[in-house]
Amino acid sequence: MTTLLVDVRAKRFPPVGSAPARQALGPVRFSVRRGERVAIVGPSGCGKTTLLNLVAGLDPDFEGRIERPAPPIGYVFQEPRLLPWRTVADNLRFVLGDVPDAETRIARALAEVELPDAAPVYASRLSLGMARRVALARAIVVRPSLLLLDEPFVSLDQPTGERLRLLVLELLEKHAITALLVTHDLREAVMLAERILVLSASPGRLLGELEVALEPGARRDPASVDAEHLRLRAAARALVEAAAELPA
Ligand SMILES: Nc1ncnc2c1ncn2[C@@H]1O[C@H](COP(=O)(O)OP(=O)(O)OP(=O)(O)O)[C@@H](O)[C@H]1O
Ligand SMILES: [Mg+2]
């Protein structure tokens, strides 16, 4: 069952001061089924964050149409964007609002991101890896109908990034969360997503989709992920090369 339908024809940013108007996205059309994990890959600056902001409903100014599932939509931003002068628990409480079982849900979400003791810690005291976990907990504590993740693993060292990838995979699978993950890292997309959308360079348009042929167990096996990554890298290159031969 389709839960998200994206039909963006174009997104332009208006001119600001001496900076000219800029087209950030070309045609991007896809749908996501409930419980599916879809990745969006594309080069830096191609419009991935812009696209997630459109999907989140944060930016209504575009040509096209988006049908979203009912709220809440969870969004893990490219930067963790926590309130630094508040505790971790307060950061979660803030998005949860006045629900009767808030404290239980906060404790459970923090346990799920493997930070069971972080509730009283001020957000400004967290390492980047911890802040990303808290941002993830904040996005899932609302039980989102759709989870948007924007490069949630960048700037982390390799072992920390890998642990967090496995944690996210575990969470998405366990709760059958419908997720849209933005990354510039195809291997990461292969490990986490069932389907990969390939965007062109700026202004990003959808070049095509790749199906990831990995059973759940194989996603935790680096050699299997490597093999599938190699196969899909060739497929992604073919999409990019085919597009280069056509007028935009
Ligand atoms: N508010 C804005 N006003 C004008 N231009 C913008 C604005 N936000 C983004 N852009 C431009 O739109 C283009 C796409 O930006 P966006 O941040 O979506 O790319 P991205 O694919 O997420 O990049 P990265 O991989 O570096 O995160 C860029 O050229 C950027 O400069
Ligand atoms: Mg971005």
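**Close-up views of the pockets and ligand site**

**View 1. The largest pocket holds about 280 Å³ of space.** Fifteen is the count to keep in mind here: of the 15 residues that line this pocket, E112, I140, R143, P144 and H175 are the closest to its centre. A pocket here is an open set of points on a 1 Å grid over the protein atoms alone, with protein on both sides within 12 Å along at least five of seven lines, and lining residues have an atom within 4 Å of a point. Grid points are joined across faces, edges and corners, and the volume is the space filled by probe spheres set on them. This is a predicted model, in which local features need pLDDT of at least 70 and side-chain atom pairs pLDDT 80 or more, while totals for chains, interfaces and linings use all residues; side-chain values use heavy atoms, without hydrogens or water. Residues are numbered from 1 along each chain as its sequence is written, with chains lettered from A and ligands numbered from 1 in the order written.

View 2. Helix α3 (residues 102-112) gives the most to the lining, with four residues. By class, the lining has six nonpolar, four polar and five charged residues.

**View 3. Ligand 1 sits among residues that include F13, R22, P43, K48 and Q78.** A residue counts as near if one of its heavy atoms lies within 4 Å. Helix α1 (48-56) and strand β2 (22-25) each supply at least two residues of this shell, and α1 gives the most, with three. Helices (H or I, at least four residues) and strands (E, at least two) are DSSP runs, numbered from the N terminus.

**View 4. Oxygen atoms of ligand 1 meet polar atoms of T50, R22 and G45.** For T50, a polar side-chain atom lies 2.5 Å from a ligand oxygen. The distance is 2.8 Å to an N or O atom in the side chain of R22, and 2.8 Å to a polar backbone atom of G45. The protein covers 63% of the 640 Å² of accessible area that ligand 1 has on its own, by the Shrake-Rupley method with a 1.4 Å probe.

Technical notes
A polar contact is a pair of N or O atoms within 3.5 Å; within protein, one must be able to donate a hydrogen and the other to accept it, and residues adjacent in sequence count only if both atoms are side-chain atoms. On a 1 Å grid over the protein atoms alone, a cavity is a set of points where a 1.4 Å probe fits but cannot get out, and a pocket is an open set with protein on both sides within 12 Å along at least five of seven lines; lining residues have an atom within 4 Å of a point. Ala, Val, Leu, Ile, Met, Phe, Trp, Tyr, Cys and Pro count as nonpolar, Asp, Glu, Lys and Arg as charged, and the others, Gly among them, as polar.
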